[in-house]
Amino acid sequence: MADRASAPPRAWQRMLSGRRLDLLDPSPLDVEISDIAHGLARVARWNGQTGGDHAYSVAQHSILVEDIFVVLEPSATPEMRLAALLHDAPEYVIGDMISPFKAVVGGGYKQVETRLQHAIHVRFSLPAEISQKLKASIKRADQIAAWFEATRLAGFSEAEAAKFFGKPRNFVPDALDLESRPAKTVQKAFLQRFAALEKLRGR
């Protein structure tokens with residue numbers, strides 16, 4: 001019998017779908033949208049340091065970013081919108097590390113995140129590596145979302161949030177949903193948004 005102590009550490013995670021996703025060499029065939037939605041709806045943004053009766057999840061943040069992205073890019077294709085919705089999808093496996101901790105961990109975390117993002121994109125017929133222009137547009141939407149989350153949910157002053165995320169200009173937040181909601185509600189909403197975009201793509 002092999003010595004368990006000498007065996008290499010397990011680098012895969014078993015999903016509720018039954019898939020085993022290898023973090024070191026993720027296969028698009030092991031990526032399921034049901035697993036992504038389930039995981040992201042249960043991963044808290046801001047390390048859970050937000051107000052409200054429920055954790056504000058990465059799934060809810062992802063929907064918010066896609067909403068903002070459409071305002072910034074009204075002519076965006078369904079593929080571009082899907083890339084925005086899935087911009088934090090690797091976090092269904094590796095969790096949402098706050099930026100200060102990412103800075104401490106360094107490049108290893110980013111390599112794992114990038115490999116997962118590529119596998120997720122390939123699984124849903126998106127380019128493994130999106131263009132720099134699209135990446136910048138999604139990043140802008142992400143930063144706008146972060147500013148409103150920081151000031152309305154995470155206790156940041158507007159001046160403090162502006163320092164880290166930049167204060168949005170000429171952006172009216174009235175239609176943004178920033179109320180934390182139950183995990184199952186957000187999971188369903190994420191899957192509905194994904195299905196709507198896939199329908200627009202003719203898939």
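Predicted model: local features only at pLDDT ≥ 70, side-chain atom pairs only at ≥ 80, totals over all residues.
On the α7 side, the contact is made by Gln143, Ala146, Trp147, Ala150 and Thr151, and on the α8 side by Glu158, Ala161, Ala162 and Phe165. Sort those by class and you get six nonpolar, two polar and one charged residues.

How far apart are the axes of α7 and α8? They sit 9 Å apart, and the two helices pack at an angle of about 155°. Anything over 145 degrees counts as roughly antiparallel, so that is how α7 runs relative to α8.

## The nonpolar core

The largest nonpolar core holds 55 residues. Ile36, Ile68, Leu86, Tyr92, Phe124 and Phe190 are the ones with the most contacts inside it. Helices α1, α2, α3, α4, α6, α7 and α9 each supply at least two residues of this core. The top contributor is α7, which gives nine residues.

Take Ile36 as a way in: leaving out residues up to four places away in sequence, it touches Val31, Ala89, Tyr92, Ile120, Phe124 and Phe190.

## Two loop residues with positive phi

Ser125, in the loop between α6 and α7, has a phi near 60°. Asn170, in the loop between α8 and α9, has a phi near 55°.

Is each of these buried or exposed? Ser125 is partly exposed, with a relative accessible area of 43%. Asn170 is exposed, at 85%.

Note on methods. Residues numbered from 1 in each chain as written. Heavy atoms only, no water. Core = buried A, V, L, I, M, F, W, Y, C linked by side-chain atoms within 4.5 Å. Buried < 20%, exposed > 50% of the residue type's maximum accessible area, 1.4 Å probe, protein only. Helix = DSSP H or I, 4+ residues; strand = E, 2+ residues; numbered from the N terminus. Contact = heavy atoms within 4.5 Å. Axes fitted to C-alpha atoms, helices over the stretch in contact; angles between N-to-C directions. Parallel < 35°, antiparallel > 145°, perpendicular 65-115°, else oblique. Nonpolar A, V, L, I, M, F, W, Y, C, P; charged D, E, K, R; others polar.
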